[in-house]
Amino acid sequence: MPARATDRRRAAVLGSPIAHSLSPVLHRTAYAELGLDGWTYDRFEVDEKALPGFFETLGPGWAGLSLTMPLKRAVIPLLDGISDTAASVDAVNTVVFTQDGRRTGDNTDIPGMVAALREHGIDEVDTAAVLGAGATASSALAALARICTGEIVVYVRSAARAAEMRQWAERLGAAVRIADWDDAEQALHAPLVVSTTPAGVTDPLARAVPERPAALFDVLYDPWPTVLAARWSAYGGAVVGGLDLLVHQAVLQVEQMTGRAPAPLEAMRKAGERALAAR
């Protein structure tokens, strides 16, 4: 049932560390735009050990939770069910509390990535490259499996991560080839490059950006732009940033938690941009 303006409901983002999260800014902006005056959205520092205890404190006034690292897998045993999308990567970033008391999990990162790319005119590519093989890389693979018609090359820094990516590729039914990080400069010639690495890792690659780059999706949003994204943009390539992803996945979360659609994407984006500029 869609939320009413008079409802008093709670939502929050959980993770560790969590102080940097822009989710409160985005969700509160959405509530204001939707006229949901009784809704609140907070942030809580919660790690894997504390998560079960936190869930025990949640009363009937709760509408939903956003989850960031390291909780996206730890939360699954605490839920009554998860979506096929979340199950495809064993990762939940959204929990919705239904009126009948069920706690259901979903993953809005994957469709959020697809939506962010489509907003920039990237609906389909014949090949793609992924930089990194951490937690975000599995969601990137799942998103690329929806829009990439050919091979996805994943550049990794360890044999263990290479094995993980092969497992995800098999599970997702994606055509994936694993390549060594030492050859990562080759990735920059792909029609679509998705960088999932922590801040600073791709900085040395900036010098190798081709004269006419295609599209880069860098999942970072702070600091922004990254060195790679700045060079890419300077050379005329299309750049999709982490704020694009954050906003699109948050839009889906707001719609699921409140039952109101469409969520105010542009207002949420502008609020996110203002918050980042103030840091």
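Author: An axis here is a line fitted to C-alpha atoms, for helices over the stretch in contact, and the angle between two axes runs from 0 to 180 degrees between N-to-C directions. Two packed helices are described by the angle between their axes and the distance between the axes. Please keep in mind that the model is predicted.

Let us begin with its packing against helix 1, residues 23–34. The axes of helix 1 and helix 8 lie 10 Å apart, at an angle of about 50°. Angles under 35 degrees count as roughly parallel and those from 65 to 115 as roughly perpendicular; helix 1 and helix 8 are therefore oblique to each other. The crossing of helix 1 with helix 8 is right-handed. On the side of helix 1, the contact is formed by Leu-26, His-27, Ala-30, Tyr-31 and Leu-34. Helix 8 contributes Leu-246, Val-247, Ala-250, Gln-253, Val-254, Met-257 and Thr-258. Sorted by class, the residues of this contact comprise 9 nonpolar and 3 polar, with no charged residues.

The contact of helix 4 with helix 8 divides into 6 nonpolar, 3 polar and 3 charged residues.

We may now turn to the chain as a whole. The chain contains 9 helices and 12 strands. For 279 residues, a compact globule would have a radius of gyration near 19 Å, and the value for the chain, 19 Å, agrees with this. Along the principal axes, the C-alpha atoms fill a box of roughly 55 × 35 × 30 Å. Buried residues account for 51% of the 279 residues. Of the contacts between residues at least 6 apart in sequence, 65% join residues at least 24 apart.

Apart from its neighbours within four places in sequence, Ser-195 is in contact with Leu-131, Thr-202, Phe-217, Asp-218 and Val-219.

Some points of the backbone also deserve attention. Most residues other than glycine have a negative phi, and most peptide bonds are trans. The peptide bond from Asp-222 to Pro-223 is cis, with omega near 5°, and the bond from Trp-224 to Pro-225 is also cis, with omega near 0°. Pro-223 lies in the loop between strand 11 (215–218) and helix 7 (227–234), and Pro-225 is likewise placed between strand 11 and helix 7. Asp-90, although not a glycine, has a positive phi of about 50°. Asp-90 belongs to the loop between helix 3 (84–89) and strand 5 (94–97), and its relative accessibility of 28% is why it counts as partly exposed.

Notes: Residues numbered from 1 in each chain as written. Predicted model: local features only at pLDDT ≥ 70, side-chain atom pairs only at ≥ 80, totals over all residues. Heavy atoms only, no water. Nonpolar A, V, L, I, M, F, W, Y, C, P; charged D, E, K, R; others polar. Helix = DSSP H or I, 4+ residues; strand = E, 2+ residues; numbered from the N terminus. Rg over C-alpha atoms; globule rule 2.2 N^0.38 Å. Buried < 20%, exposed > 50% of the residue type's maximum accessible area, 1.4 Å probe, protein only. Contact = heavy atoms within 4.5 Å. Parallel < 35°, antiparallel > 145°, perpendicular 65-115°, else oblique. Left-handed = near helix turned anticlockwise from the far one by under 90°.
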